Amino acid sequence: MTLIAAAARNMIDFYRGNAHDIAHFLKVWAYARTIGELEGLDEHTQQTLELAAIVHDIACLLCREKYGSADGKKQELESPPLVDAFFAALPVSPEDAARISWLAAHHHTYTDVNGIDHRILLEADYLVNADESGYSRANIETARAKIFRTAAGTQLLDSIYLRT
């Protein structure tokens, strides 16, 4: 079993049957993988991106229980220890685990984007959230201008949501 498959299996178990959260991370992971491959990421960056996509919402369950919501700032606060514990049992270097943890904590931070893996995670999560939340065309056009920077992510956004 690959590291990516093991992480996905463990994340499915982590969500304790919450079908919405499971489907959400699987969709974000699929978009992140697709964008990363289309953008030609090196193997290491691609793996880091995919692992971050798998765990990007790891704090949602805790935040909903503890605060009644899973907004980005609460996830930023709560996700690092959860990510650390999640990857303790998997063969991930401490440096990679730190990067994955940072990406998960900052996947709602659209300013000062720190790397192509961060950019792609933002784009992949937005693509899924646009569908799940029924974002308006105006919202999507604004996101295209303010968030999307990769050619692959922009093409997917246009193809899915901005066909005229």
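In helix 1, the buried residues are L3, I4, A6, A7, A8 and M11. The cover over these residues includes helix 2 (19-38), helix 3 (43-55) and helix 5 (72-88). The model is predicted. The protein has 9 helices and 0 strands, and a search of the whole structure returns 0 disulfides.

**Helix 1**

- Helix 1 covers residues 3-14, which makes 12 residues.
- R16 follows helix 1 and has a positive phi, near 50 degrees.

**Cysteines**

- A disulfide is a covalent bond between the sulfur atoms of two cysteines.
- The whole structure contains 0 disulfides, and C60 takes part in none.
- For C60, the nearest cysteine sulfur is that of C63, 6.6 Å away.
- Seen from C63, the closest cysteine sulfur is in C60; because a disulfide needs the two sulfur atoms within 2.5 Å, the 6.6 Å separation is too far for a bond.
- Both residues are buried: C60 has a relative accessible area of 5%, and C63 has one of 0%.
- These values fall in the buried class because that class is set at under 20% relative accessible area.

**Overall fold**

- From the N terminus on, the elements run α-α-α-α-α-α-α-α-α.
- The radius of gyration is 15 Å, close to the 15 Å that the globule rule gives for 164 residues, so the protein is as compact as a globular protein of that length.
- Along the principal axes, the C-alpha atoms fill a box of roughly 45 × 40 × 30 Å.

**Burial, contacts and surface**

- Of the 164 residues, 48% count as buried.
- Among contacts with a separation of 6 or more, 61% are between residues 24 or more positions apart.
- The accessible surface comes to about 8000 Å², and carbon and sulfur atoms account for 55% of that surface.

Definitions and conventions:
Residues numbered from 1 in each chain as written. Predicted model: local features only at pLDDT ≥ 70, side-chain atom pairs only at ≥ 80, totals over all residues. Heavy atoms only, no water. Helix = DSSP H or I, 4+ residues; strand = E, 2+ residues; numbered from the N terminus. Expected span 1.5 Å × (residues − 1). Buried < 20%, exposed > 50% of the residue type's maximum accessible area, 1.4 Å probe, protein only. Contact = heavy atoms within 4.5 Å. Rg over C-alpha atoms; globule rule 2.2 N^0.38 Å. Areas by Shrake-Rupley, 256 points an atom, 1.4 Å probe, with all protein chains shown as cover.
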